[in-house]
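Q: Could you walk me through how the protein and the DNA meet here?

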Protein chains: 2
Amino acid sequence: MSGEVNIKRLAQELNISIATVSKALNDSYEISLKTKNRVLSLAKELNYTPNPAASNLRSNKTKTIAVIIPCIANNFFSLAIKGIEEIARKYGHHVLIYQTHEDTEMEMSFTNSLLNGRVDGILTSVSSNEYNSDYYRDLVKKIPLVFFDRVYESLDAFKITTDDYQISFTATEHLIKCGCLKIAYLYGLGNLPAGRARFSGYKDALNAHGISYDENLVLNYSEDEDVNLDNIKKLFQDQYPDALFSSIEEFIIPAYLACNYLQLQIPKDVKILSFSNMSSAKLLNPSLTTITQPAFEIGNEAAKCLFKILNKRGIDDDQNIVLKSSLIKRASTGC
Amino acid sequence: MSGEVNIKRLAQELNISIATVSKALNDSYEISLKTKNRVLSLAKELNYTPNPAASNLRSNKTKTIAVIIPCIANNFFSLAIKGIEEIARKYGHHVLIYQTHEDTEMEMSFTNSLLNGRVDGILTSVSSNEYNSDYYRDLVKKIPLVFFDRVYESLDAFKITTDDYQISFTATEHLIKCGCLKIAYLYGLGNLPAGRARFSGYKDALNAHGISYDENLVLNYSEDEDVNLDNIKKLFQDQYPDALFSSIEEFIIPAYLACNYLQLQIPKDVKILSFSNMSSAKLLNPSLTTITQPAFEIGNEAAKCLFKILNKRGIDDDQNIVLKSSLIKRASTGC
DNA sequence: TTTAATTACGTAAACGTTTTCGAATAACCC
DNA sequence: GGGTTATTCGAAAACGTTTACGTAATTAAA
């Protein structure tokens, strides 16, 4: 009764050739409706699905895409993946996930392992630890690829990003309007365009309001949580900032802890604002003013873009899609 | 110069047969060290990696595993995936991710799509919406599979779980010791063993301390956030509980919001305790007492278990691994 | 009626590996 | 030196599809 069910078996039981079966399954115009129905119903009865390896080997299509991100345990990326998955399902594609942990070597190693036909295309959000655009300049010629959020600006490639500069400017202005004059900047994302854009928005907003930029108020992110906590404490003790503007979510916890430790009242003594997709931002003590990126939509758009490429449609479309983030004002900035 | 590089090309350039190349690449004992080195170095030079589809088709090995979970944008699952990925990398395997969104139909559909040789094995955390153990009873005979966290108890299969009953008992006792007498239970996970175990721990702890169980204090989870919020408000207005014990993270935000809305002070008027892997639990207002599952380790153990099966080792080992969760006492329970 | 076009299906090659089996050479034993 | 055993490699089949091409039967066009 059983025994592996493959296309040959279907052909035998129906007394037709395997070519006919294959074409019927792929809804080819060469096959009559009658035969198609016979094939389909037997396939269903026997629970037949084509062997992916064989199909892929012959057709050079995998129905699989890869997502390469720094870390999955991050609100932004897990939401983005959710957005990607939704589109992948719609197109019947499978999704491979790779985490680089911000390690450029790993990032390249994963990517290279996908170039032998394992996937049809790649969605990637690059690591912030090194800027190797040479590698990606070659890569985009080899495989359909869409960058999202963490992109390489100079590259002639498809990119989905957000209005980092503008929203950062707006957010800084908000702090200024709330009366802050010494706004510390918690710097993340290294040399990536997103990191630089957020920083520029901050500096330009200061400048536009006649506040001089002070590099002593800028703190760089460390991958060691404890170091960040210590650095923030030190920042408070040395510079007495009246606000913290964090460019990444990872600073939130140490920032709040430092305030607790130093008995600083938020927002009375210091105001806090951060880029974040943390769902509990509204429940923090006090609730946190955030810049929230449309993470799900970014994933969604990136995937849509990739499938456009895979289906050879709209390649002439604009290569850059920029989505808007939103500033959600809450108690941590006071006003 | 270029042109697709495959095993035939390597063979030609080295003037040996493709069989020899293949064996050399797979480190076969039949091949001399000298030839192996020649092959390996040319492969490296040409950036050759075997075509996965061809390899898989012939060998019936995919070097790929699948992870099927309800939702990736959930702290527990994203951490678990991180744990899974770590092991998968160690074994050089790729990881496919599927989200069921608690939809049993989707869950079965995804799973079925993996039975034609797309993956070597599956890690799954089942949906809570329906209890279809018949399906899984058949499934485990067809493909290597390990359940984690959300398992089917009765099944003769590999399962990685946590001490839900015991930790739930302990947590309930903690609330009782803090003086609570009307502890409401926010019920999640439907009919799954984890859901029932957590509930039993709660009830048995009440019983052990001479507190009678009141079903009016039990609230069931709804997938609609607003409904949960309304239900919690209603619960407060009708039953005046002095504590909320939530069996899933999803109740936290509506619970806090309801308290805010009704001007109930935590922990003075009502104490809150919840299962959760939320990293910001310590920053909530007030900080939240949690039962935290070792999510990363669960993923880790589940993956290890799967690779044991795939490598046909230790099949005689115990099929069930139970890890310990921890009760982290914070301000929301007061004492 | 003849010819061309259309429809519906089959034959067989191809995709890039892995693996079985056989063969050739070298090494060893008595 | 005859026979056995290692060692090292190659020829060819196989994995389960897809697809270019051929062909027979039917239909349409002339």
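Predicted model: local features only at pLDDT ≥ 70, side-chain atom pairs only at ≥ 80, totals over all residues.

A: Residues are numbered from 1 along each chain as its sequence is written, chains are lettered from A and ligands numbered from 1 in the order in which they are written, and side-chain values use heavy atoms, with hydrogens and water left out.

Q: OK, which residues come nearest to DNA strand C?
A: Among the 24 residues around DNA strand C, the nearest are A:Thr20, A:Lys23, A:Glu30, B:Ser22 and B:Arg58, where a residue is near a strand if one of its heavy atoms lies within 4 Å of it. Sugar and phosphate make up 55% of the atoms of DNA strand C that come within 4 Å of the protein.

Q: And what lies 2.8 Å from a phosphate oxygen of that DNA strand C?
A: That is a polar side-chain atom of A:Thr35, and such a polar contact is a pair of N or O atoms within 3.5 Å. A polar backbone atom of A:Ser32 is 3.0 Å from a phosphate oxygen of DNA strand C.

Q: Switching to DNA strand D, how many residues surround it?
A: DNA strand D is surrounded by 25 residues, and A:Ser22, A:Arg58, B:Thr20, B:Lys23 and B:Glu30 are the closest.

Q: Which side chain is 2.6 Å from a base nitrogen of DNA strand D?
A: It is the side chain of B:Glu30, through an N or O atom, whereas the side chain of A:Ser22 has an N or O atom 2.5 Å from a phosphate oxygen of DNA strand D.

Technical notes
Polar contact = N/O pair within 3.5 Å; in protein donor to acceptor, adjacent residues only side chain to side chain.
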